Amino acid sequence: MKRYGLLGEHLSHSYSKIIHTSIFKSLDLSADYSLLECKEEELKDYIELLKQGYYSGFNVTIPYKKTIMKYLDFIDDKAKAIGSVNTIYIRNNKVCGTNTDYDGFLKTLKKYHVDVLNKECYILGTGGASLAVNKALSDLGGRCQFVSRTPKNKEIGYKDLETKEIDVLVNTTPVGMYPNVGVSPVSKEIAKNAGCVIDIIFNPLKTQLLKDANSNINGLHMLVMQAIKAEEIWQEKGIEDTSLVFEDLKFILSLPLDIYKLVQNLNFKKDSVGCSQDEVYLFEDKYVLKISSFKDSLLKEKEKTDWLADKIPGSKSILFKEYNSKFYYLRTCVKGESLISKRFLDEPLVLIQALKKVVEVLRSLDGYACPFHSSESTGNSFVHGDLCLPNIFVNENNEFAGFIDLDNAGLGDVWEDYAWLIWSFEHNLKTSQYTKDLLKELGLEMNFEKYNLYVQDK
């Protein structure tokens, strides 16, 4: 497996892992990307690991984009002109550096058809990103001017903008970035009068500056395209399809902050858990996130999860909240192996023994005053409902680890469990030759009337 990473000082809010992991998925590449918080004196150690082949490449961020340059064997002209490096790679056994922020901004200008030739371009801020923006604008023929709150040399102050004809205005400062939204680095009048306004902030996607200017050119495209360029250098090939990367990043940016903080550095995939009308996302083996427009159904699932949590192994609720007119429910994953894994389907007798343990746990719930049974439920037996093999997880000892679908849980006729279980057993094994063995192990007599009743729609 190839290893890559981001070198920086404070990386807890970085989106780099999400972006590069999405690129790996789109390329079907076995690789890992890590956030490598480090001290300045540790940079040379990481460079040595790169030379040894333990890592295959690095990105670099604040405050090391300049510092890292002294450890490199080669720096391309673009990075030299900008004065900083954000991507490191190996070529011909040499450690090389470049700046892909430049490429990301160029591609943003191209995407939004921004013509800067002979245009008056004003760059807010004088940090590292402003240098890459300045280089890109200048190379395209723009006449650039830096704007600073403490102007010196050839910089101008923000007050000076009031008298300028501004063709292109680019914000490279953090003013307006989440969570300090609702503020802009310039007045509404300056923003409205500028010909084209670009904000390299991407969270929020629409800063106050962009709202004032009625512009939608944010930093999301730059962020993704600088990462794509780094990957093209590392993988030594072009990357055309970037749709998955944008989709993943927009999803992460849409999450409530308290959920984002828990999942930000976890790999994830969109999935379907059981029969659900909700959006479902799996974050490694740690969390399941359901997003729904239907509050009641999601709350009902949380109620069931909470009721079962202190009775049998399974999932635990983390949080439930409303955000942007949607409802979010985060719970822990059931850690184990589904009963439709190959080792069970290849060994039906082992599967039967595992099912016996599952049913013993299920029957231990009988008699509880279940608070969420449906009005048509009868009896005093706990009924899971859709008790199918894909929904049952066991641990390495084949002991029950939990369900992943509680939609029909409640009190009722115990044969409802067995009907679905037997149907799933036959359906997933693609044979009924082991059904008698299963019934014998469970101590059951087959009830064809109820079996047929509950599985008739299958």
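L351 touches L339, F344, L389, F425 and L429, where contact means heavy atoms within 4.5 Å and residues up to four places away in sequence are not counted. This is a predicted model, in which local features need pLDDT of at least 70 and side-chain atom pairs count only at pLDDT 80 or more, while totals for chains, interfaces and linings use all residues. Residues are numbered from 1 along each chain as its sequence is written, and side-chain values use heavy atoms, with hydrogens and water left out.

L351 is also one of the residues with the most contacts inside the largest nonpolar core, together with L339, L355 and I392. That core has 37 residues; a nonpolar core is a set of buried Ala, Val, Leu, Ile, Met, Phe, Trp, Tyr and Cys residues joined through side-chain atoms within 4.5 Å, and buried means under 20% relative accessible area, exposed over 50% and partly exposed in between, with a 1.4 Å probe and protein chains only. Among the elements that each supply at least two residues of this core are α11 (295-309), α13 (348-363), β18 (392-394) and α14 (415-429), and α14 gives the most, with nine residues. Helices (H or I, at least four residues) and strands (E, at least two) are DSSP runs, numbered from the N terminus.

A second, separate core of 32 residues includes Y15, I228, F251 and L255. The structure holds 20 aromatic pairs, a pair being two rings of Phe, Tyr or Trp (its six-membered ring) whose centres lie within 6.5 Å, with planes under 30 degrees apart counted as stacked, over 60 as edge-to-face and the rest as tilted. One of these pairs is formed by F251 and Y281, which are stacked at 3.8 Å centre to centre with 20° between the planes. This pair links distant parts of the chain, with F251 in helix α9 (residues 243-253) and Y281 in strand β12 (residues 279-283), 30 residues apart. Both F251 and Y281 are buried.

Elsewhere, ring pairs link Y46, Y54, Y55 and F58 into a cluster. The charged end of R3 sits over the ring of Y54, 4.1 Å from its centre, by the criterion that NZ of Lys or CZ of Arg is within 6 Å of the ring centre and within 35 degrees of the ring normal. K311 likewise lies over the face of W307, at 4.4 Å from the ring centre.

Turning to the strands, an open sheet of four has the order β8-β7-β9-β10 with parallel pairing, where two strands pair if DSSP finds at least two bridges between them. The edge strands, β8 (143-147) and β10 (196-199), each pair on one side only, and neighbouring strands of this sheet are turned by 20° against each other on average, direction ignored. Four bridges join strand β9 (residues 168-171) to β10, and V170 stands opposite I198 in β10. Helix α5 (residues 128-139) lies across β7 (120-124), β8 and β9 and runs at about 160° to β8; axes are lines fitted to C-alpha atoms, for helices over the stretch in contact, and angles run from 0 to 180 degrees between N-to-C directions.

An antiparallel arrangement is found in β14 (residues 317-323) and β15 (residues 326-332), which pair over six bridges and form a hairpin with two residues between them. F320 stands opposite Y329 in β15, and Y329 is in turn in contact with E301, as are K290 and R331, leaving aside the neighbours of E301 within four places in sequence. E301 lies in helix α11 and counts as buried because its relative accessible area is 8%.

The backbone also has some features to note, since most residues other than glycine have a negative phi, and most peptide bonds are trans. N324, in the turn of the β14-β15 hairpin, has a positive phi of about 50°. N153, in the loop between β8 and β9, has a positive phi of about 55° although it is not a glycine, and N153 counts as exposed because its relative accessibility is 79%. E236, in the loop between α8 (220-235) and α9, also has a positive phi of about 55°, and with 58% relative accessibility E236 is therefore exposed. The peptide bond from I62 to P63 is cis, with omega near 5°, and P63 lies in the loop between β3 (57-60) and β4 (74-75). Another cis peptide bond runs from Y178 to P179, with omega near 10°, and P179 is placed in the loop between β9 and α6 (188-193).
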